[in-house]
Amino acid sequence: MNIQLPDKLYYSIGEVSRAFNVNTSLIRFWEKEFDIISPKKNKKGDRFFTPKDIDNLKIIYHLVKEKGYTLEGARTVLQTEKNLEKKIEIITRLQAVKSELLKLKNLLED
């Protein structure tokens, strides 16, 4: 999972859904299911996600989409697992390194 978002204070739900390559409805659903996601809302009801919300969405995405946890299983892991955010950050960095190494390998083979 390689989420590309610019450094900002707030992100719209459209930006978030494109970054995660999911529908906006899934982001809204996860917001209802997981209390660690709490975007700010304006008077129109538009959601604005903070960088902390994005980090929490990365964790949920990793557990549900990449690891295959059920929503209940993901909730349990979020409540019991310590340093989960750090572990996922390390996994993401390792995946980026692997990707770069594979690119280098392909260049060398050509």
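The model is predicted: local features need pLDDT of at least 70 and side-chain atom pairs count only at pLDDT 80 or more, while totals for chains, interfaces and linings use all residues. Residues are numbered from 1 along each chain as its sequence is written, and side-chain values use heavy atoms, with hydrogens and water left out.

**View 1. Phe20, Trp30 and Tyr61 form one aromatic cluster.** Rings of Phe, Tyr and Trp (its six-membered ring) pair if their centres lie within 6.5 Å; planes under 30 degrees apart count as stacked, over 60 as edge-to-face and the rest as tilted. The ring centres of Phe20 and Tyr61 are 5.6 Å apart and the planes stand at 50 degrees, so this pair is tilted. Phe20 belongs to helix α1 and Tyr61 to helix α3, so the pair ties together parts 41 residues apart in sequence. Helices (H or I, at least four residues) are DSSP runs, numbered from the N terminus. For Trp30 and Tyr61 the centres are 6.5 Å apart and the planes at 75 degrees, so the pair is edge-to-face. Here Trp30 of helix α2 is linked to Tyr61 of helix α3, 31 residues apart. Trp30 is buried at a relative accessible area of 1%, and Tyr61 is buried at 18%; buried means under 20% relative accessible area (1.4 Å probe, protein chains only).

**View 2. The largest nonpolar core has 24 residues.** Such a core is a set of buried Ala, Val, Leu, Ile, Met, Phe, Trp, Tyr and Cys residues joined through side-chain atoms within 4.5 Å. Val16, Phe20, Trp30, Phe49 and Leu57 touch the most other members. Helices α1 (13-20), α2 (24-33), α3 (51-66), α4 (71-80) and α5 (84-109) each supply at least two residues of the core. The largest share, seven residues, comes from α3.

**View 3. Helices α3 and α5 pack with their axes 10 Å apart.** The angle is about 75 degrees, which makes α3 roughly perpendicular to α5 (65 to 115 degrees). Axes are lines fitted to C-alpha atoms, for helices over the stretch in contact, and angles run from 0 to 180 degrees between N-to-C directions. Lys52, Asp55, Ile59, His62 and Leu63 of α3 meet Leu84, Glu85, Ile88 and Ile91 of α5, in contact (heavy atoms within 4.5 Å).

**View 4. Ser17 lies in helix α1.** Ser17 counts as buried at 7% relative accessibility. Leaving out residues up to four places away in sequence, Ser17 touches Val22, Asn23, Thr24 and Ile27.

Terms used. Buried < 20%, exposed > 50% of the residue type's maximum accessible area, 1.4 Å probe, protein only. Parallel < 35°, antiparallel > 145°, perpendicular 65-115°, else oblique.
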